[in-house]
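The sequence and structure follow.

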Amino acid sequence: MDIETLEGMLAAGKDSALLRFGLGKSWLDAGDPVRAATHLGRCVVLDPDYSAAWKLLGKAWLAGGQPQAAREAWQRGLSVAGSKGDQQARKEMQVFLRRLDRDSPALLAKAG
């Protein structure tokens, strides 16, 4: 589905974690990480155990120049993925956090 269709569903009152995840992914793919983070943030409020949403929220924050927010999302996502047995998401977020640690000085200088 395209963004307009998804936004129309939201406007019609069909709010759900899955819809917010779809909107977040769509906006991130469209190059708007701030809008993506808004929808993904709402997604994890609606379903705090949605490990894929935590993973994507971290990506959105990082793409939006917010490395600390990305770190917090991935750390929370690691906890969620670990408790759910979602090993793939857990491994990916561990890699993202290692990269963030490796690249932190440059990212923090860029964000500041």
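Helices, as the term is used here, are DSSP runs of H or I with at least four residues, numbered from the N terminus. In this predicted model, helix 2 is followed by Gly31, whose phi is positive, near 90°.

The length of helix 2 can be checked against expectation. Because a residue should contribute 1.5 Å, the 13 residues of helix 2 should span 18 Å, and the 18 Å between its end C-alpha atoms agrees. The buried residues of helix 2 are Ala17, Leu19, Arg20, Phe21, Leu23, Gly24, Ser26, Trp27 and Leu28. Their cover includes helix 1, helix 3 and helix 4.

In soluble globular proteins, nonpolar side chains tend to be buried together. Here the largest nonpolar core comprises 22 residues, and Phe21, Leu40 and Leu57 have the most contacts inside it.

Leaving aside neighbours within four places in sequence, Phe21 is in contact with Leu40, Cys43, Tyr50, Ala52, Ala53 and Leu56. Another core, of eight residues, lies apart from the largest one; among its members are Ala89, Phe96, Leu97 and Leu100.

As to confidence, the mean pLDDT of the protein is 93, and 93% of its residues reach 70 or more. Among the elements, helix 3 has the highest mean pLDDT (98), and helix 6 (residues 87-111) the lowest (84).

Terms used: Residues numbered from 1 in each chain as written. Predicted model: local features only at pLDDT ≥ 70, side-chain atom pairs only at ≥ 80, totals over all residues. Heavy atoms only, no water. Core = buried A, V, L, I, M, F, W, Y, C linked by side-chain atoms within 4.5 Å. Buried < 20%, exposed > 50% of the residue type's maximum accessible area, 1.4 Å probe, protein only. Contact = heavy atoms within 4.5 Å. Helix = DSSP H or I, 4+ residues; strand = E, 2+ residues; numbered from the N terminus. Expected span 1.5 Å × (residues − 1). pLDDT = per-residue confidence, 0-100.
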